Every structure is written in structure tokens, then in C-alpha cells.
Amino acid sequence: MFPYPRRKELNVILFTSIFSTDKSLTEITLKMSFILRTLIIFRVSKLFWIDDLRNKYIKRVIIDIINYALKPPYLKKEIKIRKTLSKVGLLNPVNIPSHMVEKEAIEGEYRIGSKGFFGLESKINTKSNVILIVNSNPVRIKEYNFYPYYNGFKFYFLNKNNILGKFENLLIASRSGKDPIKYSSEIKDMYEKKGITLIIGPPSGGLLKQLSDYIHVYNFLPNQGVKDIRAEEALISSLSILNFILG
């Protein structure tokens with residue numbers, strides 16, 4: 001049984017400056033692969049990018065790689081060939097439900113498609129982008145307007161100023177933060193009311209000061225054995241703890 005989307009939103013905010021030290025498309029693609037897998041493993045609802053790097057190339061790479069990675073394999077032929085995608089062979093499979101389908105029709109299987117193509121031998125005469133296979137031989141389907149399983153995250157780009165007033169229940173990791181396990185009931189209450197949004201990355205001191213009245217600070221990596229935690233390391237560590245708390 002595939003997992004459903006989370007009952008409340010678990011969102012993440014990342015900063016494009018996490019790619020500031022990556023000098024090649026290979027490095028960027030590999031880091032994006034790790035980030036994508038992490039977000040999907042923990043069923044993140046939405047990803048918000050703060051474009052503090054202001055590098056149009058990096059932004060284009062992020063957009064193209066996410067769109068490519070989340071597209072079902074049998075629909076990737078719709079994606080135009082771009083230089084930004086020249087290293088996508090390095091991406092780890094995301095293995096979300098819409099990707100885990102057989103070539104043959106299987107009764108009870110939901111499929112995402114486009115223009116009648118659903119990864120089957122023949123084109124389906126339907127305007128719907130989601131179908132439920134109700135019979136395998138001959139193939140019969142039922143049209144749906146929604147896909148019931150968790151199928152990845154939506155992503156958006158925001159200006160720094162868009163954070164203020166847009167989000168509630170903002171969480172950030174810090175060595176000076178509270179123990180999230182000790183305050184797990186506090187985190188659960190926030191989540192059940194309006195969902196939570198985790199900020200990961202290098203927010204500038206000015207931004208952090210602006211958000212001080214809105215942010216809940218927790219130490220998701222106590223007693224760390226290194227001086228500095230990379231953004232992708234903070235991401236997987238924080239989401240691991242949150243996943244344990246939220247269930």
C-alpha cells in the first residue's frame with residue numbers, strides 16, 4: 001500500500017545559496033539528488049526556495065531537475081533536451097508511486113498520464129490525467145480528477161520578504177534551540193493546527209532578526225561531532241526527528 005499525503009502540511013524552506021560552493025553541474029545535480037530523495041522520503045508537502053544567490057543559471061537548474069525527477073519515466077519524453085539536464089543520469093530514482101508501475105495494466109492501479117499516454121502499450125482515449133485501471137484484459141479504466149497517493153512535493157520561489165506574514169509555525173535548527181524530543185507535544189500541537197514549515201540553510205543575520213518573533217528554534221543535532229553542519233545534512237537530520245514526532 002502506497003502512503004498518502006500528510007494530513008497537515010510539512011513544508012521546507014531552502015536557500016539557493018546552498019549551491020554557492022558547487023562549481024560544476026555535476027556537483028549541483030548530485031546535491032539536488034540528495035535533497036530530492038530526502039524531501040520525498042519524509043513526504044514533504046511543499047518546497048519554497050529563497051533565491052538569495054540570485055543566479056539565474058542555478059535557478060534554472062533547480063527548476064529543470066525537479067521537474068525532470070518528479071515526472072513519471074514514461075512521460076520524460078515530453079521534456080525538452082536542455083544542457084541543465086545533461087547530468088540527470090546521476091540522479092537517484094525517486095521511486096514515488098506514479099513511477100512504480102509495470103508495463104502491463106494491473107487492476108486497481110492508479111496512473112498519472114498526459115494526452116492519453118499512461119505508460120501502457122496503447123494510448124487511452126481520455127482527457128483526464130489520472131486513471132484507475134478497473135480491468136487488465138481488455139484494459140478498462142475509470143477517469144479520476146485526483147491522485148490519492150503521496151506523489152512528491154510542489155515547489156515555489158520566493159523573495160526574502162515573502163516569508164514575513166506568509167507562514168505560520170516556522171521552525172529552524174540551531175545549537176541554542178530547545179530539545180525537540182522534550183518539546184514534542186509543542187511541535188505536534190503546531191502541526192495539527194496549521195502544519196509546520198522548516199527553514200534550512202544560511203539565512204542572513206538580518207533575516208533571522210526579522211523572523212525572531214515568528215520562529216520556533218530547536219536543536220535537531222545535539223552534540224554534533226563537526227564544526228559546521230551542511231544544509232543537506234541539517235535537512236535530513238531535522239526531518240528525521242520531525243518524522244519521528246509527527247508519525
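**Loop residues**

I began with Pro-148, which is buried at a relative accessible area of 16%; buried means under 20%, exposed over 50% and partly exposed in between, with a 1.4 Å probe and protein chains only. The model is predicted, so I kept to its rules: local features need pLDDT of at least 70, side-chain atom pairs count only at pLDDT 80 or more, and totals for chains, interfaces and linings use all residues. Residues are numbered from 1 along each chain as its sequence is written, and side-chain values use heavy atoms, with hydrogens and water left out.

Pro-148 lies in the loop that joins strand S5 (139-144) to strand S6 (154-158). Helices (H or I, at least four residues) and strands (E, at least two) are DSSP runs, numbered from the N terminus. Setting aside neighbours within four places in sequence, I found Pro-148 in contact with Tyr-4, Pro-5 and Tyr-110, where contact means heavy atoms within 4.5 Å. I also looked up its C-alpha separation from Ser-114, 34 residues apart along the chain, and got 17 Å.

Next I checked Ser-45, in the loop between helix H1 (25-41) and strand S2 (46-50). Ser-45 is buried too, with a relative accessible area of 18%. Beyond four places in sequence, its contacts are Lys-8, Glu-9, Leu-10, Asn-11, Phe-153 and Lys-154.

**H1 against H2**

How do H1 and helix H2 (residues 56-70) pack? I read an angle of about 50° and axes 10 Å apart. Axes are lines fitted to C-alpha atoms, for helices over the stretch in contact, and angles run from 0 to 180 degrees between N-to-C directions. That makes H1 oblique to H2; under 35 degrees counts as roughly parallel, over 145 as roughly antiparallel, 65 to 115 as roughly perpendicular and the rest as oblique. On the H1 side I listed Leu-25, Ile-28, Thr-29, Met-32, Leu-36 and Ile-40, and on the H2 side residues including Tyr-57, Val-61, Ile-65 and Leu-70. By class, this contact has 13 nonpolar, 1 polar and no charged residues. Nonpolar covers Ala, Val, Leu, Ile, Met, Phe, Trp, Tyr, Cys and Pro, charged covers Asp, Glu, Lys and Arg, and the others, Gly among them, are polar.

I then picked out Met-32, in H1, which is buried at 1% relative accessible area. Not counting residues up to four places away in sequence, Met-32 touches Phe-19, Trp-49, Ile-62, Ile-65 and Ile-66.

**H1 against H5**

The axes of H1 and H5 come within 10 Å and cross at roughly 10°, which makes H1 roughly parallel to H5. Lys-31, Phe-34, Ile-35, Thr-38 and Leu-39 of H1 meet Glu-232, Leu-235, Ile-236 and Leu-239 of H5. I counted 6 nonpolar, 1 polar and 2 charged residues here.

**Cores**

Which residues touch the most other members of the largest nonpolar core? I got Trp-49, Ile-66 and Leu-239, out of 48 residues. A core is a set of buried Ala, Val, Leu, Ile, Met, Phe, Trp, Tyr and Cys residues joined through side-chain atoms within 4.5 Å. Among the elements supplying at least two residues each are strand S1 (10-15), helix H3 (184-194) and helix H5 (231-246), while H2 gives the largest share, 8 residues. I noted a second, separate core of 12 residues that includes Ile-13, Phe-48, Ile-50 and Leu-158.
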